[in-house]
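Please report on the helix packing and selected local features of the model shown here. Headings separate the topics.

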Amino acid sequence: MAPVKVFGPAFSANVARVLVCLEEVGAEYEVVNIDFKIQEHKSPEHLARNPFGQIPAFQDGDLLLFESRAISKYVLRKYKTDKVDLLRGGNLVEAAMVDVWAEVDAHTYNPALSPVVHQCLINPLVRGIPTDEKVVAESLEKLKKVLEVYEVRLSKHNYLAGDFVSFADLNHFPYTFYFMATPHAALFDSYPHVKAWWERIMARPSVKKIGAGMVPPKA
């Protein structure tokens, strides 16, 4: 069986979300780089994979998918085993909690944290745009409120959906990884249960492997 293909640069946070899931399930895959400098993501070939001209795109035989969270769920469903069930599909309550915290990441955590990554790393290093400190300060205040909720949750459970690692936790990996490369990484020190949770995620072999390739190019 041919390996699945993931289209996009490995350092992209959204590509990394898919790759870490592929690593968790032990699937064979190929990363096909998309060169943003030559607008390859807007080429007819890539638009056939992702009509919005974004990354990642994903191919499994004749199946083409886009949107990193949807791709990740497909991967976790396809390669699910008794030992690896990161969506907890066999337990209605656990699956619901995975869904809840995956939604929290998408709609609450990531919108608070990702602007800091963009302002402190992506804009100055990749786009040559100065950091907007006002946006950073406002985002950090939002993030503190989110982390207060996480701290309470993680004081009761090792992971977000319960005492088991799941897709909900892995969803947080890519942007948090880059946040930890900003001058504001020490914020997590104020939330010991959140910090311990993050260290557990970072200790996973899949995360170590994908994290090693997540170095954004400089402008």
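## Helices H4 and H5

The axes of H4 and helix H5 (residues 133-154) approach within 8 Å and cross at roughly 150°. Axes here are lines fitted to C-alpha atoms, for helices over the stretch in contact, and angles run from 0 to 180 degrees between N-to-C directions. H4 and H5 are therefore roughly antiparallel to each other; angles under 35 degrees count as roughly parallel, over 145 as roughly antiparallel, 65 to 115 as roughly perpendicular and the rest as oblique. Helices (H or I, at least four residues) and strands (E, at least two) are DSSP runs, numbered from the N terminus. The crossing of H4 and H5 is left-handed, a term that applies if the near helix is turned anticlockwise from the far one by less than a right angle, with right-handed for clockwise.

From H4, the contact involves Met97, Trp101, Val104, Asp105, Thr108, Tyr109, Ala112, Leu113, Pro115, Val116, Gln119 and Cys120. H5 contributes Val135, Val136, Ser139, Leu140, Lys142, Leu143, Val146, Leu147, Val149, Tyr150 and Arg153. Contact means heavy atoms within 4.5 Å. By class, the contact of H4 with H5 has 17 nonpolar, three polar and three charged residues. Ala, Val, Leu, Ile, Met, Phe, Trp, Tyr, Cys and Pro count as nonpolar, Asp, Glu, Lys and Arg as charged, and the others, Gly among them, as polar.

## Basis of the values

This is a predicted model, in which local features need pLDDT of at least 70 and side-chain atom pairs count only at pLDDT 80 or more, while totals for chains, interfaces and linings use all residues. Residues are numbered from 1 along each chain as its sequence is written, and side-chain values use heavy atoms, with hydrogens and water left out.

## Helices H6 and H7

Helix H6 (residues 167-179) and helix H7 (residues 192-202) have axes that come within 10 Å and cross at roughly 95°. H6 and H7 are therefore roughly perpendicular to each other. On the H6 side, Asp169, His172, Phe173, Thr176 and Phe177 meet Trp197, Trp198, Ile201 and Met202 of H7. The contact of H6 with H7 comprises six nonpolar, two polar and one charged residues by class.

## Asn123 and Arg127 in H4

Asn123 is found in helix H4 and counts as buried, at 6% relative accessibility. Buried means under 20% relative accessible area, exposed over 50%, and partly exposed in between (1.4 Å probe, protein chains only). Not counting residues up to four places away in sequence, Asn123 touches His118, Gly128 and Ile129.

Arg127 is also placed in helix H4. A polar contact of 3.1 Å links the side chains of Arg127 and Asn123. Such a contact is a pair of N or O atoms within 3.5 Å; within protein, one must be able to donate a hydrogen and the other to accept it, and residues adjacent in sequence count only if both atoms are side-chain atoms. Leaving aside neighbours within four places in sequence, Arg127 is in contact with His118 and Ile122. Arg127 and Asp60 are 67 residues apart in sequence, and their C-alpha atoms are 33 Å apart in space.

## The loop between H3 and H4

Asp85 lies in the loop between helix H3 (68-78) and helix H4 (92-127). With a relative accessible area of 17%, Asp85 is buried. A polar atom of the Asp85 side chain lies 3.1 Å from the backbone nitrogen of Arg88. Asp85 also touches Lys80 and Gly90, when residues up to four places away in sequence are not counted.

Arg88 is found in the loop between H3 and H4. Arg88 has a positive phi of about 55° although it is not a glycine, and counts as partly exposed at 24% relative accessibility.

## Other loop residues

Ser43 lies in the loop between strand S2 (29-32) and H2, where it is buried, with a relative accessible area of 14%. The side chain of Ser43 reaches the backbone oxygen of Glu40 at 2.7 Å. Ser43 and Gly53 are ten residues apart along the chain, and their C-alpha atoms are separated by 7.9 Å.

Pro56 is placed in the loop between helix H2 (44-47) and strand S3 (57-60). Ile55 and Pro56 are joined by a cis peptide bond, with omega about 0°. Glu67, in the loop between strand S4 (63-66) and H3, has a positive phi of about 80° although it is not a glycine. Glu67 is partly exposed, with a relative accessible area of 45%.
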